[in-house]
Structure formats: structure tokens, C-alpha cells
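Please keep the sequence and the model in view while reading.

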Amino acid sequence: MKNTVTTFQNAKINNEKLTMLTAYDYSTAKLIDEAGVNSILVGDSLGMVMLGYEDTLSVTMEDMIHHGAAVSRGAKNALVVIDMPFMSYQTSVYDAVVNAGRLMKEARGGAVKLEGGTDMAPQIEAIVKASIPVVGHIGLTPQSVNAFGGFKVQGKDEDTARKLLDDAKAVENAGAFAVVLECVPAKLAKLISDKISIPTIGIGAGNGCDGQVLVYQDMLGMYSNFTPKFVKKYAELGLNMKKAFENYIKEVQSGVFPEKDHTFAISDDVISKLY
Ligand code: KIV
């Protein structure tokens, strides 16, 4: 069944957990969609896991449109949420609406996600007014890595915990239909989830959230540069892929591949006429 913003609202009301995974290309999106996930996030994490940058800051609107469109073609039932990249919405409310509109028109997403709480409420409100569903994202917001002084758990003391609760309420009041909580202590994430009426989607925020999201390369063991504490590896595809690549190289070098089954035939008669 097609997942929509209504699916998210109903899940919160009925206390049903929501599932979200990232994808950045058609084939992966199709597999994840067929597995039955509620939502696919085209995260700006693609800067790291797909493009090899050290953070998300260099990701452009063109990157997000290119990958977002591929994912939208592969996802039949999952709600596709596309990240707004760094500086595509922080600069002004006008930029935020124009760029959110591009992600819907050109990449055919079902919703956009942007980072920030109270400070970004005007942007969220304006995008929602333009009939574009918005997912908020608070806690460790990777686009603010330089302001945070690194990738760190957020909201550990009273002031910052209170600020996170205020941010979650601001995102909700601005009209977002869900909010990602990234790297937030589990008890605080549970409290926030209890205090707002929109679903919280946790990543490194414990199981008191209304749903969970993971970067697919992390959960499949395909990204070896860094594995955050909150990641559970559901497979070690990276090791298996490497083994398969090594086998292929060996078999090509030794002449084992391709075998007869992998080749096309022609009659010897035709060949003999060419000599
Ligand atoms: O970019 C991304 O993949 C994200 C998730 C980590 C929530 O924002």
C-alpha cells in the first residue's frame, strides 16, 4: 500500500512503529521498497557514502535532484523524502520554498527534510503553506558540524535538552508531519516523542521514538570509513562484495570466466568464411 503523510499520522495515533531507510539510486530504492519500508530518505549523507566527501556540506541541489529522481523511479509504495542540502534553505524563506519546490517538481519526491528547530520554523511554515510536506531534523544536524565542533550527541545537559524539546515543538507548530531526532539521549528522545503529536524518527535516539531510520550502507556493512555507535549491522555485504570482486578478477585473469553459458554462438561456417 502507498505510504503517505497520513500513514505517518495514523502510525502515531495507533502506536505503530515507522520504518525509514536511506537510498540514493534506482536499484537500491526498488529493493528497499519491495521489502516494505514506510519511507525512503534520499539523505544528503549521499555526500559521504556515495560521493566520498568528508561531510554533507558540499552536496548541491543538482546532486539531490539527480539522486532523488532515481529513487523516486524505484519507489512504488514508500514515501520518498528528499533532503534539502546545505544553504538551499538557510539563506531565506524564499530560497527554501523555491528549492523545496524543485525537489518535488524535478525529483518527484513526496516530501522534503530540512535541519533545524526554532530558527528554521519560518522556512518550514512557508514550505508547508506551498503544499509541500516537511520532515524536520533536530539534535545532531550534520550541516551544522562546524558550529557544533564535531559530530556529537546533543541535549545532554538541562539547557540543551530543553532547547531540543522547544525545537521539536517549534517544528511541530510550523507544520512538519514528522521529525528526525539524531544522536539524542534515549530518555530525552522518549520524552520528546511523548510531548509532540507528530511522529519522531530516531537515529541514535533509542527505541522510544515512533520510528527509526538508518543509512543503508551502515546497516549492510558497506561503508568502512566510520561506523557510528548507534548502527546495527544487519549484513556484512561490504566483505562479501569485496570477495566477489576478488573472485571475478582471479577468474578473468585465469581465463575461467566467461564460460560457455555466458557466451553467444555463431556457426563455424560463418567464421571460416572470414579467414
Ligand atoms: O542524510 C541522512 O542520511 C540523514 C539521516 C542520517 C537521518 O539525514
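## A buried asparagine

In which loop is the place of Asn38? Asn38 is found in the loop between α2 (26-35) and β2 (39-42); helices (H or I, at least four residues) and strands (E, at least two) are DSSP runs, numbered from the N terminus. This is a predicted model, in which local features need pLDDT of at least 70 and side-chain atom pairs count only at pLDDT 80 or more, while totals for chains, interfaces and linings use all residues. Residues are numbered from 1 along each chain as its sequence is written, and side-chain values use heavy atoms, with hydrogens and water left out.

Asn38 has a relative accessible area of 15% and is therefore buried; buried means under 20% relative accessible area, exposed over 50%, and partly exposed in between (1.4 Å probe, protein chains only). The side chain of Asn38 reaches the backbone nitrogen of Thr19 at 3.0 Å. Neighbours within four places in sequence aside, Asn38 is in contact (heavy atoms within 4.5 Å) with Asn3, Thr7, Lys17, Leu18, Thr19, Asn77, Ala78 and Leu79.

## The protein as a whole

The secondary structure of the protein comes to 12 helices and eight strands. Along its principal axes, the C-alpha trace spans about 80 × 40 × 35 Å. Of the 275 residues in the protein, 48% are buried. Among contacts between residues at least 6 apart in sequence, 58% join residues at least 24 apart.

## A buried glutamine

Gln143 lies in the loop between β5 (134-139) and α7 (145-148). Is Gln143 buried or exposed? Gln143 is buried, because its relative accessible area is 5%.

The side chains of Gln143 and Asp44 are joined by a polar contact of 2.7 Å. Not counting residues up to four places away in sequence, Gln143 touches Asp44, Thr56, Leu57, Met84, Pro85, Phe86, Tyr89, Gln90 and Glu115.

## Helix α8

Helix α8 (residues 158-174) has 17 residues. From its first C-alpha to its last, α8 reaches 24 Å, close to the 24 Å expected at 1.5 Å a residue; the expected span of a helix is 1.5 Å times one less than its number of residues. At the start of α8, a side-chain oxygen of Asp157 comes to within 3.3 Å of the backbone nitrogen of Asp159. After α8 comes Gly175, whose phi is positive, near 110°.

An α-helix has 3.6 residues a turn, so residues three or four places apart point the same way. The buried residues of α8 are Ala161, Leu164, Leu165, Asp167, Ala168, Ala170, Val171, Glu172 and Ala174. These buried residues pack against α6 (121-129), β5, β6 (178-182) and α9 (186-195).

## Two domains

The domain assignment gives domain 1 (5-239) and domain 2 (240-272); such bounds come from an automatic or database domain assignment. The contact between them takes five residues from domain 1 and four residues from domain 2. The C-alpha centres of domain 1 and domain 2 lie 43 Å apart.

Domain 1 and domain 2 bury about 360 Å² between them, 50% of it on carbon and sulfur atoms; buried area is the accessible area (1.4 Å probe) that two parts lose on being put together, summed over both. Leu237, Gly238 and Leu239 supply 79% of the area that domain 1 buries against domain 2, more than any other three residues. Between the two domains, nine residue pairs are in polar contact (both at pLDDT 80 or more). The interface has zero salt bridges, a salt bridge being a side-chain nitrogen of Lys or Arg within 4 Å of a carboxyl oxygen of Asp or Glu.

Arg108 has a positive phi of about 55° although it is not a glycine. Arg108 lies in the loop between α5 (93-105) and β4 (111-115), and counts as exposed because its relative accessibility is 63%. Ser131, which is not a glycine, has a positive phi of about 70°. Ser131 is placed in the loop between α6 and β5, and its relative accessibility of 63% makes it exposed.

A cis peptide bond, with omega about 5°, joins Phe257 and Pro258. Pro258 is found in the loop between α11 (237-254) and α12 (268-274).

Conventions: Polar contact = N/O pair within 3.5 Å; in protein donor to acceptor, adjacent residues only side chain to side chain.
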